[in-house]
Every structure is written in C-alpha cells, then in structure tokens.
Amino acid sequence: MKTYFQRMGRSLMLPVATLPAAAILVGIGHWLPENWAAAQFLQAGGNAILTNLALLFAVGLGLGMSQDKDGSAALAGVVAFIVPTYVLAPAQVSTLLGITTAKVDPAFAAISSNVFIGIIAGLVAVTMYNRFHEVKLPMAISFFSGKRLVPIMAALTMLVISLVLLFVWPPIYQALVAFGKFIVGLGAVGAGLYGFFNRLLIPTGLHQALNSVFWFNVAGINDIGNFWASKGTRGITGMYMAGFFPVMMFGLPAGAYAIYRNARPERKKETASLMLAAGFASFFTGVTEPLEFSFMFVAWPLYVIHAVFTGLSLAFAAAMHWTAGFTFSGGLVDFILSLKVPIANQPLMLLVQGVVMAVIYYFGFDFAIKKFNLMTPGREAVATNNATTVGVAIGDDDDKYSIAAKKIYAAIGGTDNIKVVDNCTTRLRLQLNDTAKIDQNAIKAAGVAGLNVLDKTNLQIVVGTEVQFVAAALAKINQAKVPLDQIESTAAPVAMPVTGDVTVGATETLYSVANGQYVAIEDVNDSTFAQKMLGDGFAIEPDSGEIVAPVDAKVMSVFPTKHAIGFKTAAGLEILLHMGIDTVQLNGEPFEVTVAADQEVKHGDIVAHVDLDAIKAAGKQTTMIVIITNMAHVGYLKVAPVTTKLVTNTAVAQVTTK
C-alpha cells in the first residue's frame with residue numbers, strides 16, 4: 001500500500017509541473033499595469049490552468065501509474081473524469097432525482113473542480129488500463145481489443161461510481177469541507193502542523209497526498225488556486241505556502257553552511273561543492289531534495305529538527321498574516337512572481353523572517369551535529385583501501401570482496417539469521433529470519449552504496465556491478481557456518497573502489513536504447529535506482545523488445561541471467577544497461593542477448609531481443625535503465641529534458657569525465 005501511494009505521489013508531480021506556467025502568466029499579469037488588456041489576458045491564461053487541476057490530476061495519474069506510460073491511459077483518465085462531472089452536474093441531478101435545480105445539493109456544483117474526483121478518475125483509468133490494455137476480444141468485436149477497450153471500461157466503471165456518488169457525494173463533500181474548516185480554524189497551529197508533517201513525510205513520498213489537501217481543492221482549502229486567483233481573505237489565503245519561503249531561501253542554505261563548517265578539514269572542499277550547489281538550488285528554485293537527501297538518512301535526527309523548524313516557520317508566518325504564494329516551490333523565482341498578486345499580504349516581511357530562520361537553522365544544525373556527533377556529509381572518515389580486519393577468519397589472501405562479505409556477514413547476524421543469499425546485477429538480495437537484527441551502520445562500514453530493508457525478512461544491499469564477487473564470498477562463509485566470534489567487524493570502512501583508468505576531460509554521449517517513453521532516473525519504480533545509489537542516468541519504457549547499445553564501448557560483462565549488460569567506453573566510463581525491474585528472478589527466459597564479453601559495439605547496435613510480454617506476464621516491469629556506475633569519475637552530466645517518446649539511438653545525455 002505504501003508503494004502504491006508513493007507511485008501516486010510521483011505521478012501527481014506531472015500535473016503539478018504545469019503550475020509554474022500558471023505562476024508565470026498570472027505573476028507577469030499582476031506586474032503589468034492593471035488597465036492593460038495584456039495583463040488581463042495573461043492572468044486569464046494562468047487561471048485556465050488553475051481551474052482545471054482536477055482534469056490534469058486525472059490525466060497525470062492515468063499516465064504516470066500505467067505500466068508503460070501509454071497515452072491511452074491518459075485518454076482513459078479524461079473519459080473517467082468527464083463522465084461523473086457531466087452526469088452529476090446540477091442540471092442532470094435535478095432530472096435524475098425529479099427535483100428543481102434550486103433544490104439540488106450544492107455539493108454537486110463543486111464536483112467538476114474538486115481534485116478528489118480527478119484522483120478517483122485517474123486511479124480508475126490506470127486500473128482499467130493495466131488490466132485491459134492487452135485483452136483480445138472475439139473476432140466480431142476485435143476492433144475494440146487492447147487499448148481501445150480501456151476508455152470504454154473506464155467510462156462504464158465511472159458510470160457505476162457516478163451512481164454511487166449520486167447518493168454519497170453530498171456527505172463526503174460535507175465531511176471534506178468540515179475537515180478543511182477545522183484545519184483552517186486551527187489558524188497558525190494548523191499551518192505549523194502541516195509544515196512539520198510535510199517535511200517529515202518526504203522520505204516516504206507520501207507528502208504529495210498531504211499537499212493535495214492543503215494546496216488544492218480537495219477539502220475546500222485550495223491555497224494555491226485561491227492565492228493566484230486572489231480569492232479568499234487577505235492574510236489567510238496563502239498561509240500554507242508562505243512559511244516555506246524563509247526555510248527554502250534562507251534556512252536550508254544556512255543549514256548547509258553549518259554542515260560545511262562541521263566537515264573534516266580534508267573533506268571540506270568536496271563538502272563545499274555539494275552544499276553550495278544544493279543550497280543555491282534551494283534558494284533560487286525551492287528545490288530542496290538534493291540538500292535534504294544529503295542528511296536525511298545519514299543524520300536522521302537532524303532531519304527531524306529540520307521538520308520542526310519548518311513547522312515553526314509556517315506557524316509564525318501564519319500568525320503574523322504574512323503571505324506569498326508559489327506554484328512550484330518556495331524559492332526566489334516564485335517569490336518574485338507572487339509579490340504583485342493582490343491578495344499577497346506584507347510578503348517582504350518573509351525576507352526578514354528568512355534572516356531569523358537562517359540564524360535558527362545555522363546554530364540549530366551546528367549544535368545538533370556537534371552534540372550528537374551526527375555523520376552529516378563530510379564528517380565520515382576518508383575511505384581506505386588498505387583496511388584490515390582482526391579475527392582468525394581473515395587471512396592474508398583475503399581480497400576486498402571477501403573482507404566486505406565478512407563484514408556484511410557479521411552485520412546481518414551470521415548464519416543464524418541468513419535464509420537465502422542471492423544477488424542481481426548490483427544488489428545482494430538476502431532473505432533473513434529477522435531484518436530487525438541487522439546492524440545498518442556496520443553494513444555501511446563494509447563500503448556498500450546503500451541498503452533497503454524491504455520488510456521483516458527481505459534485505460537488499462547495494463554493492464555495485466562487482467556484487468557477484470561479494471555474493472559468492474558471502475555464500476561461501478554462510479555455507480561454512482562460520483561462527484560470529486571468528487569474524488570481528490573492527491576494520492575501517494572498506495571502499496569498493498572505482499575500477500580502471502579514466503581519461504580526464506573526455507566527453508561521451510549516451511543514447512536511447514529503445515523506442516519508448518523517456519523516464520527520469522528519479523521516477524524509476526525501484527528505490528535503488530531512483531535514489532542513484534548505483535549511479536546517475538536515465539530510463540526508457542520500451543514499446544518494442546529490440547534493445548540497442550547506449551554508447552560506443554566494449555562489452556565488459558553479460559550477467560548470467562541475461563537481464564543486464566555492462567559496457568566500458570574508450571574513455572573508461574562504465575555503463576550498465578539493466579533490462580527490466582526485478583527481472584533477475586526470471587532466469588534469463590525473456591532475454592536473447594546478441595553480444596558477448598570483450599565485443600566492441602557502437603551505439604545503436606542491437607545487443608538484445610527482449611520478450612516484453614513475458615516480463616509483464618511475470619508481474620515485472622519492462623523499464624530499460626541506463627546508468628553510469630563509476631560516477632566518481634564524472635565531472636559533468638547533462639540529461640536532456642525529454643517529454644515525448646524517444647526513437648531508438650536518440651542522444652539523451654552527455655557526460656564529461658574528470
């Protein structure tokens with residue numbers, strides 16, 4: 001269920017991404033003289049987007065959550081939305097119930113603009129698409145098979161739901177409005193609680209669901225829509241946005257400076273580079289993820305403090321009735337655009353509050369880092385490749401893989417806690433008796449890129465493309481049932497070093513490996529890839545199973561289960577082509593690899609034929625993922641922003657080595 005809501009959150013970002021266009025149009029319109037026709041024209045264009053968010057949500061969920069991101073799912077979202085909004089319009093309801101329009105419950109007048117209906121429509125559309133887009137009907141009606149069947153099923157399903165809503169929508173709507181009034185009634189306290197939970201839920205991806213309640217017309221609050229339309233009460237409308245500006249423009253950059261100041265002397269240079277880029281992104285655009293994710297997991301108490309500070313900022317701004325608004329995030333760009341919106345109230349005071357928040361964040365972060373010895377970026381010891389481990393099980397012939405395996409073995413509780421040792425291209429896939437018994441810090445000390453505790457018995461440890469050697473060593477130790485007292489995890493962290501020499505300053509181009517829809521690496525439905533634990537890159541949702549090389553390179557390896565191919569360019573970049581998600585479990589059946597190790601290939605050369613239907617039938621996803629696995633040698637990476645479908649062998653990214 002959690003994964004489902006995370007997918008919803010990611011999919012909702014597609015329609016939300018249209019809001020900056022609305023902000024630009026409305027913002028510029030308000031900066032122009034009020035009596036200019038151009039001002040009214042621009043504002044009308046922006047409001048056209050804001051008043052149709054429910055429809056955009058239906059389209060976004062239909063497209064974003066469909067198995068292969070197909071446009072048919074988006075069309076089904078439109079169909080699923082227009083059915084209830086027409087059938088349950090006041091004029092239709094009066095006819096259905098045999099009453100005058102004046103006696104129709106006012107709730108039905110709000111149904112066409114409520115994003116809750118858009119969300120229902122989108123979820124119905126994607127459910128119908130994923131279930132019916134490959135269905136084959138009898139010959140007589142075969143024209144309606146497959147994707148043509150999807151909008152039909154969406155319409156029929158929404159017709160049934162509309163019948164139910166005819167009777168239950170009024171109490172549902174009243175409950176939503178009552179909740180909205182309750183939150184608004186809490187005033188500054190409600191804004192503060194929202195700000196706190198908004199940040200706290202970001203690691204789970206569930207914050208988007210919370211945002212929908214406050215920013216859009218789910219419970220009648222609609223803070224974004226009302227602010228940019230200048231509706232509501234001055235000093236109140238915008239209270240669920242205003243407090244973010246002092247945090248994102250001032251607080252977090254100051255926190256980044258505190259992290260830099262507390263870095264080890266030998267790591268200050270690299271920490272400065274990271275914090276400067278992340279801090280500027282937060283200030284200028286309001287994009288906080290690069291900064292927040294840098295300490296979210298490695299120093300989680302600091303992240304909780306950040307959530308508390310955010311809540312305080314929203315509460316204080318709301319208490320003072322200082323308001324400004326955004327459509328994308330609380331950065332400088334949105335702040336400037338919102339200054340002239342008539343309903344904005346003393347927005348420049350948010351800059352004063354920002355200076356105060358900068359002081360609070362700097363000294364708060366500095367105190368917490370020192371007091372609790374938090375391992376923020378730059379405070380970790382420099383990894384060494386000459387680590388030694390004390391214990392009779394460690395011998396002179398142990399290499400980095402066996403040392404890492406022994407450290408992992410000890411950290412997960414040894415043979416008494418191990419059920420199955422398996423691996424895919426980059427991850428150890430372990431089945432344990434109880435994942436609660438593992439020592440996560442000790443696992444990280446083995447030099448791994450990250451770990452994912454999936455549930456009580458399943459653990460994934462991200463090692464990298466050399467995982468098979470660590471897995472073999474770990475399996476050997478487990479089969480020997482080596483006692484834990486013979487393996488002491490006292491070594492310094494064992495880094496898994498970047499292999500091979502890389503030509504400095506070389507530029508490589510990465511190409512699309514298939515016809516299909518481009519997917520940002522952050523949107524891949526696998527947290528290991530999405531969080532870039534293995535490296536950066538991009539992905540494709542393929543339309544066909546003909547897969548080509550992403551780059552001019554030598555084939556370094558073909559994984560035994562054929563679902564992944566490793567490449568190495570002449571400049572030394574290591575590229576991994578991972579075909580599908582969790583497809584290692586299919587034992588190579590859907591894959592026909594046409595290349596072998598040490599073979600030279602050019603971008604666009606066919607490297608595999610993949611049975612996409614077989615992958616889908618097995619309940620897996622067909623996403624083709626291209627990542628750079630030796631990112632330590634990457635000085636610059638530019639991935640072209642692609643919104644349309646790609647053709648095989650289209651240039652997607654440029655990489656420069658360092």
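## Loop residues with positive phi

In this predicted model, Asn373 is located in the loop that joins helix 17 (349-372) to helix 18 (400-411). Its phi is near 50°, a positive value in a residue other than glycine. Asn373 has a relative accessibility of 48% and therefore counts as partly exposed, since the exposed class begins over 50%.

Lys562 belongs to the loop between strand 9 (553-558) and strand 10 (564-568). Although Lys562 is not a glycine, its phi is positive, at about 65°. The relative accessibility of Lys562 is 36%, so this residue also counts as partly exposed.

## The largest nonpolar core

In soluble globular proteins, nonpolar side chains tend to be buried together. The largest nonpolar core of the model holds 73 residues. Within this core, the residues that touch the most other members are Phe214, Trp215, Trp228, Tyr240 and Leu350. Helix 7 (residues 115-132) makes the greatest contribution to the core, supplying eleven residues.

Which residues does Phe214 touch, leaving aside those up to four places away in sequence? The contacts of Phe214 are Ile183, Tyr194, Ile221, Asn222, Asp223 and Tyr240. Of these partners, Tyr240 is itself named among the core residues that touch the most other members.

## A separate core

Another nonpolar core lies apart from the largest one and consists of 35 residues. Its members include Ala514, Ala549, Ala553 and Leu586.

Definitions and conventions: Residues are numbered from 1 along each chain as its sequence is written. This is a predicted model: local features need pLDDT of at least 70, side-chain atom pairs count only at pLDDT 80 or more; totals for chains, interfaces and linings use all residues. Side-chain values use heavy atoms; hydrogens and water are left out. Helices (H or I, at least four residues) and strands (E, at least two) are DSSP runs, numbered from the N terminus. Buried means under 20% relative accessible area, exposed over 50%, partly exposed in between (1.4 Å probe, protein chains only). A nonpolar core is a set of buried Ala, Val, Leu, Ile, Met, Phe, Trp, Tyr and Cys residues joined through side-chain atoms within 4.5 Å. Contact means heavy atoms within 4.5 Å.
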